[in-house]
Amino acid sequence: PPSEVIHFLNDYFEMMLDIVMKHEGMLDKLIGDAIIAEFGMAVDDPAQEKNALLTALEMHASFERFKTKWHRPGSPLIEIGIGIHTGLSIVGSISKGERTQYTSIGETIAIATRLETVSKQGKYPIVASGETLRHLPGEFSTIPLEPLQIPDLDKPIDCFAILKLS
């Protein structure tokens, strides 16, 4: 029922956003059941990539416990996918009349969204780009995945499943 979905989403967002904030992340926006969070957005943070990956690992572990609380017999199992990419984006207010939203837009956000899609296609719930991992050599256990070809980009994006902190 719709009221149960709203209760589920409120519990889910509260849990996940607490994890994002714990690791110095910042909420950009909620879109349906998706969370767009950013690290190093307001102030450059030399640990932003590590914080993002630690957030993803904690979110996934917490969700594994959380989903058993909400599972109902006969209903489908719920899974999450997380995509992480490092790069520049444009940050600021976008508005129309009195409706204003502070947000981040650009290629970096689009690539992270595509990586999240890759996470849902395979058996690995957390997928990060090679650009993100370049900042963390050897700090996380990973599995290389097929590079992601995105229209309008000159070269494919290297993709890695994130398994755990090394």
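**Asking how we know**

User: What makes Lys50 count as partly exposed?
Analyst: Lys50 has a relative accessible area of 31%. Buried means under 20% and exposed means over 50%, so a value in between is called partly exposed. By the way, this is a predicted model.

User: And why is Lys50 said to form a salt bridge with Glu139?
Analyst: The N to O distance between their side chains is 3.2 Å. The cut-off is 4 Å, so the pair qualifies.

User: What makes that pair a link between separate parts of the chain?
Analyst: Look at where the partners sit: Lys50 is in helix 2, and Glu139 is in the loop between helix 4 (130-133) and strand 7 (140-148). They are 89 residues apart in sequence, so the bridge ties those parts together. Glu139 is partly exposed too, at 28% relative accessibility.

User: How many salt bridges does a search of the whole structure find?
Analyst: There are 9. One of them joins Glu4 and Arg72, whose closest N and O atoms are 3.2 Å apart. Glu4 belongs to helix 1 and Arg72 to the loop between helix 2 and strand 3, so this pair ties together parts 68 residues apart in sequence.

User: How do you know whether Arg134 is buried or exposed?
Analyst: Its relative accessible area is 54%. The line for exposed is drawn at over 50%, so Arg134 is exposed. Arg134 forms a salt bridge with Glu131, with the closest N and O atoms 2.7 Å apart. Glu131, at 30%, is partly exposed.

User: Moving inside, what makes a group of residues a nonpolar core?
Analyst: The members are buried nonpolar residues joined through side-chain atoms within 4.5 Å. The largest such core here has 28 residues, and those with the most contacts inside it are Tyr12, Met16, Leu53, Ile84 and Ile162. Several elements give two or more residues to this core, including helix 1 (2-22), helix 2 (48-70) and strand 6 (126-129). Helix 1 provides the largest share, 9 residues.

User: What does Leu53 touch?
Analyst: Leaving out residues up to four places away in sequence, Leu53 touches Ile84, Ala128, Thr132, Leu133, Leu136, Phe140 and Ile162. There is also a second, separate core of 9 residues, with Val118, Val127, Leu148 and Cys159 among them.

User: Now the open sheet of 4 strands: what order do they follow?
Analyst: The order is 3-6-8-7, and the pairing is mixed.

User: Why are strand 3 and strand 7 called edge strands?
Analyst: Each has a single partner strand, so one side of each has no neighbour in the sheet. Neighbouring strands are turned by 30° against each other on average, direction ignored.

User: How do you know that strand 6 and strand 8 pair?
Analyst: They are joined by 3 bridges. Pairing needs at least two, so these strands pair. They run antiparallel, and strand 8 covers residues 157-165. In this region Ser129 stands opposite Cys159 of strand 8.

User: Which helix lies across the strands, and at what angle to strand 8?
Analyst: Helix 2 lies across strand 3, strand 6, strand 7 and strand 8, running at about 60° to strand 8.

Key:
Residues numbered from 1 in each chain as written. Predicted model: local features only at pLDDT ≥ 70, side-chain atom pairs only at ≥ 80, totals over all residues. Heavy atoms only, no water. Buried < 20%, exposed > 50% of the residue type's maximum accessible area, 1.4 Å probe, protein only. Contact = heavy atoms within 4.5 Å. Axes fitted to C-alpha atoms, helices over the stretch in contact; angles between N-to-C directions.
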